[in-house]
Amino acid sequence: MTMRIYAIAVFLFLYVPIGIIVLFSFNAGRHASELRGLSVQWYGKALSNAFVGDAFFTSLTIALSVAVLSSLMGTTAALALQRMKGKMRVLFDGLIYVSVMVPGIVIGIATLVALVTVFDFLNPLLAALWPEGIKPPKLSMGYASVIAAHTLFTMSLVIILVRARIAGMDRALIEASMDLYATPWRTFYQVTLPQIYPAILAGFLLSFTFSFDDFIISFFVAGANTTLPIYIFASIRRGITPEVNAIGTMVLAASLFLLMATQFLLRNKKNRGTSE
Amino acid sequence: MSVQSSNTQEIDIEFRAVSKRFEDVVAVENVSLTVARGAFFSFLGPSGCGKTTSLRLIAGFDQPTEGEVFIGGNSVVGVPSHKRPVNMVFQQYALFPHMDVAANIGYGLRQRNPKPGKADITKRVDETLEMVRLGGYGKRKVWELSGGQQQRVALARALINRPTCLLLDEPLAALDRKLRREMQIELQTLQRDVGITFILVTHDQEEALSMSDTICIMREGKIIQSGSPRELYDEPVSKYVADFVGKTNFFSGEVVDSNGSSVSVKSVSGQVFVGLQAKGAVPLAKKSKASIAVRPEMISISAADETTQNSDIVIQGRVMNRIFLGEHSEYLIATEGFGDVLVLTPKVLESHSKGFAPGDQVSISWGPEAALVLGDT
């Protein structure tokens, strides 16, 4: 009984604030603290706000790039690690877990310092080496730096997910495929890939969500770009408006939709089975 | 260059002084063997004896550390498994869970270059399904099938490629006892029908004895003895082989006399047994440790007061236990000085009486041809 009360209390603590944000996003009034009838006017305001639109597309571009890069690199890294033996493997495994545990703020600062140092070294060099008359490129913080910093973290998540899946996979399946005349490459896409694909997809979505939601790392390395979380943070400093609540609710709805879509896709795939 | 004499059969698989080491572990040590085309050959031994490694060396999943493996007369050292004309049936079948039965069976055909036409693949898959008595199962999911059906899909997936040699890694281990018997017969029939070489790996002596033409008994990476099931059963070269193939009573002692094939062994209790030595066995020196092996079915049993004729050895004992096995009865006889002795009596010999009950005093005996002398290795 006590356990049940605990559970209810924990769930209330988790979900009541979210519920309040959703509720207040429909507030007809102008102030976030008092509810004056229901309306969707703030959704209209948020959607017609050019700054919100820009920030959203910035976040989307970054998150998609991060998801694609980390799924590709994470999967190949996981496959390579699976073949590794001995001390090196232990070392790499350790490093991967460490990189997942490193706090966002440390990744943010470390990436910022590292990038600034590298840029300061490379920019004069590039300027000196570039042919006369053409404007030399200048490296600076921007999309690439955010994508790199996010991928650094999310790639480890993909590696961990895919590694777990490979470990759970019957090694004999790969041998069976080779035995049945399939080349290593054909074996990979006919047997290994269909087996580990749910983990890759899960890693893709996790990376996307992480990158899309991230504030701390982006704040350090985004340079002049404004992602959606940075925009929200900036507007909150001017007071919490129902517009911010509306943005939050939309992000929440989109995330939930994505999650459910993945679940649906995965289950459907499993039930159907495939044949040529 | 080896000279092939005209009366030898064509050789399908050959090992020449093959060794395989994994870091410090020697899995296979200096093994040489030949398997004739169309033979049913078995590797028999306990786990870790090197039998599975030997099979993997043929399949190409592992490469020998030393020596050479030949398939159809060609050295396959360095040839990857997808380029070898052999196919394997895996212990847990290793069917592809994301494909249906037909897609699993047609997998090997689809990898061929040039790839056969769709209609051709479908036709051959259907034929193979019929062959393993799974007609109409093509669209089923592999995980919906029973163990025996999965086993047949695994067989079909390998056989459809018409390999020169089929490798079977403990193929029946996952089946229950009754199904195992059925599959043993089915495999034997199949092998005769398709006429290709079968190489079986098993730890189950009954399986090896009932199916193979040739059995190779392995231990710690080495071949201990290879021969027909009959040879291994009747003329084991060592105690290990006798113990592994069938049930045997052992009486250990010391060699006191040896003249060629016949050896006398004095047991701990002072009794002198005379037995034959198998042809291939290492000759035993005087005073060396040896065992007398007597198969349970070679021992006859009679009431203690009955006189026995034509017997070399007569030992008194008491019936401890009797297990009725249908056509046979298995007795466990406690003897003085020779431990417990297992005796197998056919029902026909018992029909005149009701057999013996636990507690009965009996005498057991065997003739001079029944005993074999084996070195203690």
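A nonpolar core is a set of buried Ala, Val, Leu, Ile, Met, Phe, Trp, Tyr and Cys residues joined through C-beta atoms within 7 Å. Keep in mind that this is a predicted model.

**Exercise 1.** Find which residues touch the most other members of the largest nonpolar core.

*Solution.* Step two: zoom in on Ile217(B). Skipping neighbours within four places in sequence, its contacts include Leu44(B), Ile224(B), Leu232(B), Val241(B) and Phe244(B), along with Gly45(B), Gln225(B) and Ser226(B). Step three: there's also a second, separate core of 17 residues, with Val66(A), Leu115(A), Val221(A) and Ala222(A) among them.

**Exercise 2.** Work out how H4(A) and H6(A) are oriented to each other.

*Solution.* Step one: get the geometry. H4 (residues 86–101) and H6 (residues 143–167) of chain A pack at about 125°, axes 9 Å apart. Step two: classify it. Angles of 65 to 115 degrees count as roughly perpendicular and those over 145 as roughly antiparallel, so the pair is oblique. Step three: the crossing is left-handed. Step four: look at who meets whom. From H4(A) come Ile96(A), Ser99(A) and Val100(A), and they face H6(A) residues including Leu152(A), Phe153(A) and Ile160(A). By type, this contact has seven nonpolar residues, two polar and no charged.

**Exercise 3.** Describe the side of chain A that touches chain B.

*Solution.* Step one: 18 residues of chain A contact 21 of chain B. Step two: helices H7 (171–179) and H8 (184–213) of chain A each give two or more residues, and H7(A) gives the most, with six. Step three: sort chain A's side by type, and you get nine nonpolar, four polar and five charged.

How values were computed
Residues are numbered from 1 along each chain as its sequence is written. Chains are lettered from A and ligands numbered from 1 in the order in which they are written. This is a predicted model: local features need pLDDT of at least 70, side-chain atom pairs count only at pLDDT 80 or more; totals for chains, interfaces and linings use all residues. Axes are lines fitted to C-alpha atoms, for helices over the stretch in contact, and angles run from 0 to 180 degrees between N-to-C directions. Helices (H or I, at least four residues) and strands (E, at least two) are DSSP runs, numbered from the N terminus. Angles under 35 degrees count as roughly parallel, over 145 as roughly antiparallel, 65 to 115 as roughly perpendicular and the rest as oblique. A crossing is left-handed if the near helix is turned anticlockwise from the far one by less than a right angle, and right-handed if clockwise. Two residues are in contact if their C-beta atoms, placed from the backbone, lie within 7 Å. Ala, Val, Leu, Ile, Met, Phe, Trp, Tyr, Cys and Pro count as nonpolar, Asp, Glu, Lys and Arg as charged, and the others, Gly among them, as polar. A residue is buried if 20 or more other C-beta atoms lie within 10 Å of its own, exposed if 12 or fewer, and partly exposed in between; C-beta atoms are placed from the backbone.
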